[in-house]
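Welcome! Please take a moment to look over the structure below, and then read on for a guided walk through its parts.

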Amino acid sequence: MSKVKNLLLLLLGNFILAVGTSFFILPNNILSGGVTAISIILDTLMGINRVFTIYALNIVLFVIGAIFLGKAFAAKALLSTILYPTFIAILSPFYDPEFCTVNPILAAIFAGVIMGTGLGLVFRANGSSGGMDIPALIMHKYLHIPQGNCVFIIDVLTVSAGLMIFGLNALLTSILTIFTTSNVINTVLTFGGESAQNVMIISDKWETIRDYLLKDISRGVTILEGTGAYSNERRPVLMCVVNTREYARFQREIGSIDPSAFIIVNSVHEVRGMGFSYANPNGESK
């Protein structure tokens, strides 16, 4: 069942990615990195068909990746190598300049949202987008440069080539798309988890607070050992994760138990486990 789900996510993710490319990236010459940006550059300089370039580069890079990165990588990237350019070839003829032309800033933002959603689904299916990620992964493997830095280097080289052709405005628009895409990918990857607050509490009435957290709101508590640097006194530190929607009530109750309690709060983007992604023992799903 999980294999079928991953296959469907790969199909949907690559289709959404191709929608963003066909209706926003290619018509507006947005240099969002990867083989798409190279196809725009080669079309402008040499008149080479963009869809053909995307197909050809994806296949060539896939073969290189299979040779240098192994069968495991090839298995992850195979479907995207075929699906992404195929969907672009199918969708591109439906682009209508009179109806689809939008403000370049709007195009950059919506391209980032759509492509980030597609890439996020591909990554959730444990797939790979292939393309220009492959040179970055090869650099990482053989030069031992951090992977994030390798991706950044490849993107900078690609976008810099476009800068000399399309100018600064195109570069700034592309940065907006890349930034939006990155944030949407993170949102899609964490979708389905609970937004929560990680709370650490230092209080002389820690036992009363512990009992409140355990019994009244059914939250697990971890007791950490802390030592005051100035007083050199040892005292427990309570650590607990609460739903964001519960935090206001939590804050009021802790304040009523001990108004002088020292509380540290950090936002948590995703929480999974008992009481969050599935029910706790008393049958409640928080």
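## Strands and helices, step by step

Strands S1 and S3 run antiparallel and are joined by six bridges. Please keep in mind that this is a predicted model. Within this pairing, Gln197 stands opposite Val242 of S3.

In what order do the four strands lie? The order is S2-S3-S1-S4, and together these four strands form an open sheet with antiparallel pairing. Strand S2 (222-227) and strand S4 (262-268) are found at the edges; each has a single partner strand, so one side of each has no neighbour in the sheet. From one strand to the next, the twist averages 25 degrees.

S2 and S3 form a hairpin with six residues between the strands, where Asn232 takes a positive phi near 65 degrees.

Two helices pack on this sheet. Helix H10 (residues 206-216) touches strand S1 (196-202), S2 and S3, and the direction of H10 makes about 20 degrees with that of S3. Helix H11 (residues 247-257) touches S1, S3 and S4, and the direction of H11 makes about 10 degrees with that of S1.

## Helices packed against helices

Now let us turn to some helix pairs. The table sets out their angles and the distances of their axes.

| Helix pair | Axes | Angle |
|---|---|---|
| H1 (residues 2-25) and H6 (residues 104-124) | within 7 Å | roughly 160 degrees |
| H2 (residues 34-46) and H3 (residues 50-69) | within 9 Å | roughly 135 degrees |
| H1 and H4 | 8 Å apart | about 45 degrees |

The axes of H1 and H6 cross at roughly 160 degrees, which makes H1 roughly antiparallel to H6. Their crossing is left-handed. Sorted by class, the contact of H1 with H6 has 16 nonpolar residues, seven polar residues and one charged residue.

For H2 and H3, the angle is roughly 135 degrees, and that makes H2 oblique to H3. H2 passes H3 in a right-handed crossing. Which residues meet here? On the H2 side they are Val35, Thr36, Ile38, Ser39, Ile40, Leu42, Asp43 and Thr44, and these meet Arg50, Thr53, Ile54, Leu57, Asn58 and Leu61 in H3. By class, the residues of this contact of H2 with H3 divide into seven nonpolar, five polar and two charged.

H1 also packs with H4, at an angle of about 45 degrees. H1 and H4 are therefore oblique to each other, and H1 passes H4 in a right-handed crossing. Among the residues that make the contact are Leu7, Leu10, Leu11, Asn14 and Phe15 of H1, together with Leu79, Ser80, Leu83, Tyr84 and Phe87 of H4. The contact of H1 with H4 has 14 nonpolar, four polar and no charged residues.

## A pair of rings

How many aromatic pairs does the structure hold? There are four aromatic pairs. In one of them, the ring centres of Phe15 and Phe87 are 5.4 Å apart and the planes stand at 90 degrees, so the pair is edge-to-face. This pair links distant parts of the chain, with Phe15 in helix H1 and Phe87 in helix H4 (residues 71-91), 72 residues apart. Both Phe15 and Phe87 also belong to the contact of H1 with H4.

How values were computed:
Residues numbered from 1 in each chain as written. Predicted model: local features only at pLDDT ≥ 70, side-chain atom pairs only at ≥ 80, totals over all residues. Heavy atoms only, no water. Axes fitted to C-alpha atoms, helices over the stretch in contact; angles between N-to-C directions. Parallel < 35°, antiparallel > 145°, perpendicular 65-115°, else oblique. Left-handed = near helix turned anticlockwise from the far one by under 90°. Nonpolar A, V, L, I, M, F, W, Y, C, P; charged D, E, K, R; others polar. Pairing = 2+ DSSP bridges. Contact = heavy atoms within 4.5 Å. Phe/Tyr/Trp six-rings, centres within 6.5 Å; stacked < 30°, edge-to-face > 60°.
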